[in-house]
Amino acid sequence: MKRKLFSAVFIILNAACATSLIFLTVSAVQFGLCFSAAKKIPQIDFQLLRILPYNAAGSEISASVSILDTDGEVLAVIERSWHGSFLSVECICASFSENKLYFPKRIYGAKTEYPSLADMGKRSGRGTALFRYYNRDGACLLFGKSRPAFERSSVHKIASFAFSPASFAVPRFVQKTSVNLSGLESGRYYGVFVEKGALVVKEE
C-alpha cells in the first residue's frame, strides 16, 4: 500500500516538475522574442484613450471611455459609473530594446489623489479590465490597419508576454503605471496620449 502511494506521489511530482519546466521554457522564449519584436516597432505618438466625464456626484463618477488605435479608430467604448471622486487608468509599460509600449490594463475610481499603500492594495482588484477590448482574435489591435502586418504581429507578441504571469519576474522590463485623471471637467473630451515614450493627459 505504501509503495503504491509513493509511486502515485512520485508520478504527481514528476508531472508538476515537467509542467513547471515547460512553463519556464515557453516564458523564456516569449521574453526573448520581445527584444527582437520591439526592434521592428517604431515609437509612434498617438491617442490611446478618449475620456468624456459626464457626471460626478457623491461617491460615484460616470464617464465614457474609448480605446483608440494608432489610426484614430475607436476599438471599444465603455460607458459606466465607478465608485470614487475621480478616475485613474492603470497601464502596463513594456520596455524592450529602448522602445516603450503602453497597454491599458484597467480603469477604476479613486477617492484620494495620494492614496496610502493600504488603500492601493484594497483597490487592486477593482475597476474595469480593458485588455480584452483590444486584444481579440489572436491580435493586439492597438496598432491600426494602416501599420504593416509585421508591426502588428510584433505588438501582439509583446502584449501577450506583458499580460502573462511570467512578466512579474522581470519588473525591469514590464511595469505598471497609473494615469491620474483628477481635475477633468464634465462634458469635455480628454485624451491619454503616448508622446515621446510617455503618457500625457490633455484636453482634445
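A residue counts as buried under 20% relative accessible area, as exposed over 50%, and as partly exposed in between, using a 1.4 Å probe and protein chains only. The model is a predicted one, where local features need pLDDT of at least 70, side-chain atom pairs count only at pLDDT 80 or more, and totals for chains, interfaces and linings use all residues. Residues are numbered from 1 along each chain as its sequence is written, and side-chain values rest on heavy atoms, with hydrogens and water left out.

Side chains of opposite charge can pair when their charged atoms come close. A salt bridge here is a side-chain nitrogen of Lys or Arg within 4 Å of a carboxyl oxygen of Asp or Glu. Searching the whole structure turns up seven of these salt bridges.

One of them links Lys105 to Glu90, with 3.9 Å between the closest N and O atoms. Lys105 sits in strand S5 (residues 99-110) and Glu90 in strand S4 (residues 86-96), so the pair ties together parts 15 residues apart in sequence. Strands (E, at least two residues) are DSSP runs, numbered from the N terminus. Glu90 is buried at 9%, while Lys105 is partly exposed at 24%.

Another salt bridge joins Glu203 and Arg188, whose closest N and O atoms are 2.9 Å apart. Glu203 belongs to strand S11 (residues 198-203), and Arg188 to the loop between strand S9 (174-180) and strand S10 (190-195), so this pair also ties together parts 15 residues apart in sequence. Glu203 is partly exposed, at 41%, and Arg188 is partly exposed too, at 37%.

Lys202 and Glu195 meet through their side chains in a salt bridge of 2.5 Å, N to O. Shared partners, meanwhile, join Glu90, Lys105 and Arg106 into one salt-bridge network.

Technical notes
Helices (H or I, at least four residues) and strands (E, at least two) are DSSP runs, numbered from the N terminus.
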